[in-house]
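Okay, everyone, let's get going.

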Amino acid sequence: MKRVDRPQDRSCRSKVKLRIRPLSGIQKMGLKIIESYDGSFVLEPEAKAALLSLLTAESFLQQIALQLQCSRLEFTELLFQPVPYSSETPKGMPAQFEQYHGKSDFAIVNVPPNFMFQAKIFKPSRLCAIYRIFKN
């Protein structure tokens, strides 16, 4: 098999010249460090009852158990609002809930947005729920 060399003629290259301009019209955004953030919230009793029924529904518990590969789950009835990362909250959750982070017998689950909507919870816009994991 004979090797065919490509011609060295560079005339086939594009002759478009790019103009590079300084980014004078773009504002630089700095990071705003948050020293403290109030993640407290209060749910109306009807909204809380509706949310608890959704979070303890057998089909939802089975779906989470399947993903976590465990035999069963139990909702601890602990809910928290995720908070911005800061020196006081390095895990993005209120300090009293950090004890559950990274533990093999607990799972922190984002409450699905459709659950929040069905329970008519709009403030806060995001919640997390803590479940106890049972392996056997």
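**Cysteines and rings**

So, disulfides to begin with: a search of the whole structure turns up zero, where a disulfide is a pair of cysteine sulfur atoms within 2.5 Å. Keep in mind that this is a predicted model, where local features need pLDDT of at least 70, side-chain atom pairs count only at pLDDT 80 or more, and totals for chains, interfaces and linings use all residues. Residues are numbered from 1 along each chain as its sequence is written, and side-chain values use heavy atoms, with hydrogens and water left out.

Cys-70 is buried at 12% relative accessibility, and Cys-128 is buried too, at 6%. Buried here means under 20% relative accessible area, exposed over 50%, and partly exposed in between, with a 1.4 Å probe and protein chains only.

Now the rings. How many aromatic pairs does the structure hold? Six. Rings of Phe, Tyr and Trp (its six-membered ring) pair if their centres lie within 6.5 Å; planes under 30 degrees apart are stacked, over 60 edge-to-face, the rest tilted.

Take Phe-75 and Tyr-131: centres 5.1 Å apart, planes at 45 degrees, so that's tilted. Phe-75 sits in strand E1 (residues 72-80) and Tyr-131 in strand E3 (residues 128-134), so the pair ties together parts 56 residues apart in sequence. Strands are DSSP runs of E, at least two residues, numbered from the N terminus. Both Phe-75 and Tyr-131 are buried.

Then there's Tyr-100 with Phe-106: 4.8 Å between centres and 70 degrees between planes, so edge-to-face. Both Tyr-100 and Phe-106 are buried.

Finally, ring pairs link Phe-60, Phe-75, Phe-115 and Tyr-131 into a cluster.

Note on methods: Helix = DSSP H or I, 4+ residues; strand = E, 2+ residues; numbered from the N terminus.
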